[in-house]
Amino acid sequence: MRGLMKAATAFGMAIAIAAGGSANAADFPAGSKMDQLAKAGKIRVGVQTQYPLIGMKTLSGYEGFDVDVARLIAAKLGIKKDGIEFVPVTTPTREPFLEQDKVDMIIAAYSITPNREKVIDFAGPYLPSPSAVMVKKGNPLGIKSMKDLIGKKLCGPSGSNQESYISEHFPEVRKTMVLFDSSAKCAQAVINGQADASTTEVAILAALSKQNDGQLQVLGINYDMSLYGVGLKKTDDKTFCKWINKTLEEAYKDGSWAKAYNDTIGTVVPGGAPKLPAIGASCPG
Amino acid sequence: MPDSVISMDKVNKWFGALHALRDINFRVSAGEVVVVAGPSGSGKSTMCRTINRLETIDSGTIRVNGETLPAEGRELAKLRSEVAMVFQQFNLFSHLSILDNVTLGPIKVLRQSGAEACKEALGFLDRVGIGDQAHKFPAQLSGGQQQRAAIARALAMRPKAILFDEPTSALDPEMVNEVLEVMTQLAKEGMTMLVVTHEMGFARRVAHRVIFMDAGQIVEEAPPEAFFTNPKTDRARDFLSKILM
Amino acid sequence: MNELMGVISTLLRAFVTTLELTFLSAILSLVVGILAAAMRVSPVPPLRWAVSVYVRLVRNTPLTIVFFITVFGLPQVGVNFSFFSFALLALTLYTATFVAETVRAGIQAIPIGQIEAARSIGLTFTQVLAYVVLPQAVRSVVPPLASTFIALFKNSSIASAFGVAEAISVMTNMVNVHSTIVLSIMGATAAIYVALALLFGRAFTWLERKALIAR
């Protein structure tokens with residue numbers, strides 16, 4: 001409930017910023033994507049639904065850092081809360097949804113990779129999101145590095161960045177990896193002793209270990225320092241992409257970015273809001 | 001009465017409110033041919049089926065070879081194998097050849113070897129006149145041939161008695177005789193038979209005794225000559241007048 | 001195009017796991033399903049009730065939940081297998097209920113007279129089932145069983161969510177890595193599924209024809 005209150009406050013603030021200043025349909029170049037969205041008063045945002053603290057669908061609606069970032073951006077377009085349509089996306093549907101105009105942007109734990117940049121544009125990055133390893137409380141197998149996971153059952157979400165990254169960089173670990181469609185199932189498998197360790201984004205692991213009070217432990221092994229970006233349809237006109245970059249920078253400067261982080265991921269990952277990496281993935285300058 | 005193959009004492013059966021069998025008492029001795037006659041719905045088929053416990057009874061005792069018919073299980077299966085049954089609808093196993101129909105019981109119940117059962121089965125099929133049909137499937141045979149195959153299947157069990165439940169009622173008229181001939185031959189060879197039938201000619205020629213049933217009761221029991229020429233009850237007279245027209 | 005060919009060869013290797021899962025659980029669910037159908041028509045009431053509860057419960061539960069309970073529930077009570085074995089178990093438990101209902105319908109379609117004839121020559125209940133009822137029941141249910149097993153083939157993809165690297169699991173990974181050809185990868189996967197399902201269909205048609213001849 002407290003999380004919800006916080007989210008609501010963050011959202012209220014976002015509205016306040018929006019109402020207070022920048023957003024006015026007239027401010028945008030006529031015919032630009034921002035202009036279209038602002039005039040329509042509606043935006044469709046693809047989000048994850050099963051990533052705790054990042055993109056999660058609950059009974060009360062969508063929540064998580066990605067969702068808050070989407071609301072920040074929408075607010076700067078002058079779009080009201082009920083003008084945001086969250087569209088659940090999954091790994092295989094992200095690129096097609098953008099290409100087919102099913103969504104206006106995707107903020108869904110979407111790591112920026114050169115391969116993806118061939119088919120879509122990324123604004124941002126808006127979050128560094130390292131992956132980590134989680135084991136049973138007390139680390140009974142004494143795992144200290146990725147090498148210690150060779151021959152062990154490492155559980156990860158299928159079709160995830162982690163699976164791809166481990167295939168490429170730790171092929172020996174990949175051989176005995178088991179894949180589930182959600183990190184929550186991996187956590188359960190570790191608790192049951194069916195898997196030795198679980199891996200995914202550090203924020204998700206932290207959330208899962210908090211949910212399964214006292215049974216799991218996140219290790220300090222970080223790998224795949226991937227960066228999340230805002231997925232956009234690939235176009236020659238980079239106006240919208242650049243505008244989002246500018247908006248993210250503003251949110252970083254005025255503290256609303258850090259607030260969103262502290263309300264979500266920051267509740268379980270110690271160390272405070274990280275430094276925002278240099279912006280300008282697909283649309284520099 | 002130890003030499004009774006089949007005996008029924010005070011047997012009663014209800015189908016819901018219908019009193020299907022009322023205090024049935026009768027015996028069939030070894031080598032005897034008993035025909036059960038009566039109007040439809042008189043309970044004669046039901047009585048026949050209780051002897052093999054295809055129908056349960058509500059009170060009374062049925063004995064086969066002096067042994068009381070058990071309710072379920074292996075003992076029942078054993079007694080059943082000693083009293084074979086021939087049905088109105090033949091009831092051959094449609095997925096098996098005629099030969100396999102005849103050998104199934106001997107192999108699985110009597111534990112005969114396949115070769116032995118096969119040899120005997122061909123003998124029985126010859127006896128009922130369809131030795132050349134052994135490798136066909138039931139659907140490829142005429143009704144009369146199917147019923148003769150069913151009789152061979154019954155004979156293969158080396159039964160103490162054979163129950164015939166209206167064996168010719170489902171046959172086209174031209175096929176009735178071929179089946180009755182086989183049955184007559186069996187009777188001559190001394191097989192114990194209980195025959196539920198409307199074939200009064202057969203009863204007159206072959207039966208040692210006729211039992212006349214009506215409304216679930218045995219109304220009259222007599223040697224065929226006496227029954228056909230001088231029935232004692234009105235109900236039997238009435239029945240005979242209708243059926244012998 | 002080269003990229004897609006590489007993906008397809010990886011996918012085809014994953015389909016080996018899908019086929020293993022499908023064939024093994026098809027055989028097991030045929031055995032379990034026929035046993036369950038036999039128990040459902042048995043003269044022993046507790047057997048009938050037990051099977052009836054099992055069939056109604058599992059058949060009407062979404063397969064994902066059957067998987068969930070099998071994969072995560074059983075270890076809680078000390079039963080722990082590999083994820084592949086768990087997937088096999090879940091698929092078998094689920095598919096067997098459909099086999100049981102189909103075979104039961106097949107049993108009920110057999111003329112009662114044949115069963116009476118079988119009993120009258122002294123066959124026990126089990127023998128009647130084994131030699132007279134089931135051989136005919138199974139033949140008459142070849143076509144409906146074909147749909148059940150093609151459904152099983154596709155249902156095996158649920159195992160991708162529970163630790164088995166079958167076709168869909170590998171497809172999801174391929175999609176993540178090869179983001180430029182997402183639709184082609186999915187199309188190729190679908191095409192392989194369809195081709196294999198059509199092949200099964202043909203095999204069953206052939207079986208059905210054989211069953212008809214043997215009647």
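Where is the place of A:L53? A:L53 sits in the loop between β2 (50-51) and β3 (55-58) of chain A; helices (H or I, at least four residues) and strands (E, at least two) are DSSP runs, numbered from the N terminus.

## Basis

This is a predicted model, in which local features need pLDDT of at least 70, side-chain atom pairs count only at pLDDT 80 or more, and totals for chains, interfaces and linings use all residues. Residues are numbered from 1 along each chain as its sequence is written, chains are lettered from A and ligands numbered from 1 in the order in which they are written, and side-chain values use heavy atoms, with hydrogens and water left out.

## Backbone geometry

Most residues other than glycine have a negative phi, and most peptide bonds are trans. A:L53, not a glycine, has a positive phi of about 70°. A:L53 is partly exposed, with a relative accessible area of 21%; buried means under 20% relative accessible area, exposed over 50%, and partly exposed in between (1.4 Å probe, protein chains only).

B:E166 also has a positive phi, of about 45°. B:E166 is placed in the loop between β7 (161-165) and α6 (173-188) of chain B and counts as buried at 13% relative accessibility. In chain A, a cis peptide bond with omega of about 5° joins A:G124 and A:P125; A:P125 belongs to strand β7 (residues 120-136) of chain A.

## Interface of chains C and A

Of the two pairs of chains that touch, A and C have the most contacts (heavy atoms within 4.5 Å). Here 25 residues of chain C meet 25 residues of chain A. Chains A and B do not touch, and their nearest C-alpha atoms are 47 Å apart.

Between chain C and chain A about 2100 Å² is buried, 56% of it from carbon and sulfur atoms; buried area is the accessible area (1.4 Å probe) that two parts lose on being put together, summed over both. On the chain C side, C:F72, C:F83 and C:N176 lose the most area to chain A, together 27% of what that side buries. Elements giving two or more residues to this side are α3 (63-76), α4 (83-108), α8 (167-177) and α9 (182-213) of chain C. The largest share, six residues, comes from α8(C).

## Sheet in chain B

Chain B holds an open sheet of four strands with antiparallel pairing, in the order β2-β1-β4-β5. Its edge strands, β2 (18-29) and β5 (67-68), each pair on one side only. Strands pair if DSSP finds at least two bridges between them; β1 (residues 4-15) and β2 of chain B pair over eight bridges. B:K13 stands opposite B:L21 in β2(B).
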